[in-house]
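The sequence and structure come first.

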Amino acid sequence: MTGSLLLRGMLVGVLAGVLAFLFAYKFGEPQVDLAIAFEEQMSATEEAAAPPADGAMVMEEPELVSRATQATTGLLTGLVGYGAAVGGIFSLVFAYAYGRLGALGARATSALLAAAAFVAVVLVPQIKYPANPPAVGSDDTIAARTSLFFILLVLSIAVMVAAILLARRLWAQRGGWTAGLTALAAYLVMVGIVTFALPPINEMPDGFSPEVVWNFRVSSLGIHLILWMVIGLGFGALAERRLESGPSRRPAYS
Amino acid sequence: MSDMTFAPARPAPLPLAEILPWAVFGGLLLLIAIYFVGAEEGATSVFQGSMIHEFVHDGRHLLGFPCH
């Protein structure tokens, strides 16, 4: 059963990745192009202000992958690969959570898990370390930025899991409202501590358009929202058919 | 009609022993896929060069992974 759920999760993830690609191509790519134009303008100004000592032009870095490829097949590959992987991992988490979260059926479990995953994997990490367009971020700090990003991601997921386990434990004795609100309060405190404890990163160059940054980050959130909505709702429908095709779902002949 | 119920009974959980091998091997492979989309040839490299980085460049930025 788990293998069959995994296959369904990955297929829904591929579909989610394709839909996210359409959104990303329409709304994200124009912002990436604007950021790259700023980057090129900035390096041109730098060269004009301080030409290299030996008078030679700075060698342009050879373009390994053209912009057209990056914005189409590259972007599609990235989003579909990410979607399939996230959909697959989601289905494995679902396989464990199903039947272990009270009386929730397959669709409700899937929708609830996807909403929780969106908050833990996207919203909380992005509030602390938001997505940045090209031209923002220094090459020298990539190692530190990558470490901090993944540390925050792991802590954010751990805190969400802890909150769900707490709610589940309190549910039977105290009822839904008390359990839910206690777990929510505990979650917010833990998220507050984690995001406050990690160091801030701000490498925004002077003169970078705030509008481009805003539009870029909103389209990044939109991409993730599409991914998680399609996975949560689409996988729920497929999983329900696989897990709960009991007598009540068949047409009544008698 | 009186024997039809719409409130589902509490669904039976899948046994852990059935989930575990899928979770370990499937989960590992999928995490490697996320690594290649999100981080390869950034802070750490399995392969030399920056071909993979450049190919998934836009997706990496738009998904919010740290990128150069």
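## Terms and overall fold

Helices here are DSSP runs of H or I with at least four residues, while strands are runs of E with at least two, and both are numbered from the N terminus. By that definition chain B of this predicted model has three helices and zero strands, and along its sequence these follow the pattern α-α-α. Of the 68 residues in chain B, 35% are buried.

Chain A has six helices and, again, zero strands, so that its elements, read from the N terminus, run α-α-α-α-α-α. Its radius of gyration is 23 Å, well over the 18 Å that the globule rule gives for 254 residues, and chain A is therefore more spread out than a compact globule. Taken along the principal axes, the box filled by the C-alpha atoms of chain A comes to roughly 90 × 45 × 30 Å.

## Helix α5 of chain A

Helix α5 of chain A covers residues 176–197, and its 22 residues reach 31 Å from the first C-alpha to the last, which is close to the 32 Å expected at 1.5 Å a residue. The buried residues of α5(A) are A:Ala183, A:Tyr187 and A:Val191. Because they cover an arc of only 70° around the axis, they are on the same side of α5(A). An α-helix has 3.6 residues a turn, so residues three or four places apart point the same way.

What do the buried residues of α5(A) pack against? Their partners are α3 (106–128) and α4 (142–174) of chain A. The other side of α5(A) carries exposed residues, including A:Trp177, A:Leu188, A:Ile193 and A:Phe196.

When residues up to four places away in sequence are not counted, A:Phe94 touches A:Leu5, A:Thr109, A:Ser110, A:Leu113, A:Phe235 and A:Ala239.

A:Val86 has its place in helix α2 of chain A.

## The contact between chains A and B

The contact takes 46 residues from chain A and 36 residues from chain B. On the side of chain A that touches chain B, α1 (2–49), α2 (67–97), α4 and α6 (210–243) of chain A each supply at least two residues. The largest share of that side, 15 residues, comes from α2(A). By class, the side of chain A that touches chain B has 25 nonpolar, 17 polar and four charged residues.

Terms used
Residues numbered from 1 in each chain as written. Chains lettered and ligands numbered in written order. Predicted model: local features only at pLDDT ≥ 70, side-chain atom pairs only at ≥ 80, totals over all residues. Rg over C-alpha atoms; globule rule 2.2 N^0.38 Å. Expected span 1.5 Å × (residues − 1). Buried ≥ 20, exposed ≤ 12 C-beta atoms within 10 Å, placed from the backbone. Arc of directions from axis to C-beta. Contact = placed C-beta atoms within 7 Å. Nonpolar A, V, L, I, M, F, W, Y, C, P; charged D, E, K, R; others polar.
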